[in-house]
Amino acid sequence: MRDLATLPKAHLHLHFTGSMDVPTLRDMAARHGIRVPAALVDDDPLRVPADERGWFRFQRLYDAARACVRSEADMRQVVDAAARADAAEGSVRLEMQVDPTSYAPFVGGITPAVEIVLDAAREASAAHGLEVAVVVAASRMRHPLDARTLARLAARYAGEGPGEVVGFGLSNDERHGDTEQFAAAFRIARRAGLAAVPHGGELLGPAHVATVLESLHPDRLGHGVRASEDPAVLADVVERGVALEVCPASNVGLGVYEDVAEVPLRALVDAGATVALGADDPLLFGSRLTAQYEAARTAHGFSDAELADLARASVRASRASDASRASMLARIDEWISQPEEDGAETGEESVTNG
Ligand SMILES: [Zn+2]
């Protein structure tokens, strides 16, 4: 078995605040004299019985973490730490998702908030040897007009390279807000050449996936795992060529599935869906990118060749330039062409409860 931390891969589902590790958060909280909930810094905040997992616990802890990010320096630290951690795990392309609204009050508005993230992404790309691009995400909890404003802002920075905006997302509680009302924002984003990458089909089932497909015309779906519950919806996902950003630890952490073996990864891949594994929020779900590939190996029996295919899918679903993608794919070919290591780590430490 080959070392999955050296498998080149693209990371397409990682949120800004949620990307932090516990020491970074602890450091930030101390700097601002903020007390954070013990569950957040005592490791594995969602390691609770399955019936206690869920969105509201997650949201409360996420909000507490976000409240610690209150300066330009903090924002730059978040991006740099995420890029460093990703690079150490073989990530060659990170498309990091940020809703600038929460950080805007500390830096003079949403425009400077986006500029800071883009600038930090450019610097982190050079410092850590990977491409860090940005997805600007609106929130379902706010007015759809707010999403339009963000889409127009995102459009100004549209590109494909490090420090550019490559996509437009829609995040937060899937059960909140009327999906159709966000269609205008996604039209603006698509017109600017941005990838449409809304969340859908994690907390809600296939009917929600169908609504998101119909009204937002996504290029990728954040999660989308529950499309597996309706063959017709899953076939539609495949037919439309919509990639799924599957985050096993997140699904388990939010109680969507009791354990990682229940995540329908194999069913999605077998149906022909393009799957890009992601960590979503390592701070809350307790594992990063490589652990998701380890889970595919240990819980779902993916061979090294199949894991390389997952990595290829992640690169193809990214918004990297053709030249970058070709070089990333060549590096994956190189990884799989190396001989297997004897007695290599089997990834026992990977996702268990998430
Ligand atoms: Zn997410």
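**A residue and its setting**

Tutor: Aspartate 280 is buried, because 29 other C-beta atoms lie within 10 Å. Residues are numbered from 1 along each chain as its sequence is written.

Aspartate 280 sits in the loop between strand S8 (275-277) and helix H13 (282-285). Helices (H or I, at least four residues) and strands (E, at least two) are DSSP runs, numbered from the N terminus. The backbone of aspartate 280 has a positive phi of about 70°, although the residue is not a glycine.

Histidine 223 also has a positive phi without being a glycine, with a value near 80°. It belongs to strand S6 (residues 220-223). Histidine 223 is buried as well, with 26 other C-beta atoms within 10 Å. S6 runs parallel to S7, and three bridges join them; two strands count as paired if DSSP finds at least two bridges between them. Glycine 222 has glutamate 245 of S7 as its bridge partner. In a regular strand, side chains alternate between the two faces of the sheet. Strand S7 (residues 243-246) is covered on both faces, with Ala243 and Glu245 buried on one side and Leu244 and Val246 on the other.

Strand S2 (residues 91-98) is another covered strand, with eight of its eight residues buried. S2 runs parallel to strand S1 (residues 9-15), and five bridges join the two. In that pairing, histidine 11 stands opposite leucine 94 of S2. S2 also pairs with strand S3 (residues 131-139), again in the parallel sense, over six bridges. There, glutamate 95 has alanine 133 of S3 as its bridge partner.

The buried residues in H8 are Ala185, Phe186, Ile188 and Ala189. Down the axis of H8 they fall within an arc of 155°, so they line one face of the helix; the arc is that of the directions from the helix axis to the C-beta atoms. An α-helix has 3.6 residues a turn, so residues three or four places apart point the same way.

Glutamine 181 is in the loop between strand S4 (165-171) and H8. It is partly exposed, with 14 other C-beta atoms within 10 Å. Its C-alpha atom is separated by 13 Å from that of proline 198, 17 residues apart along the chain.

Aspartate 80, in helix H4 (residues 72-88), counts as partly exposed, with 18 C-beta neighbours inside 10 Å. Leaving aside neighbours within four places in sequence, aspartate 80 is in contact with Ala120 and Ala124. Contact here means that the C-beta atoms of two residues, placed from the backbone, lie within 7 Å. From C-alpha to C-alpha, aspartate 80 and methionine 20 are 9.9 Å apart, at 60 residues apart in sequence.

Now the whole protein. Of its 354 residues, 52% count as buried. Among contacts between residues at least 6 apart in sequence, 74% join residues at least 24 apart. The C-alpha trace spans about 55 × 45 × 45 Å along the principal axes.

As for confidence, the mean pLDDT of the protein is 92, and 93% of its residues reach 70 or more. Over residues 344-354 the pLDDT is below 50, and this stretch has 33 contacts in the model beyond near neighbours in sequence. pLDDT is the predictor's confidence in each residue, from 0 to 100. Where pLDDT is low, the predicted coordinates should not be read in detail.

Methods
Buried ≥ 20, exposed ≤ 12 C-beta atoms within 10 Å, placed from the backbone.
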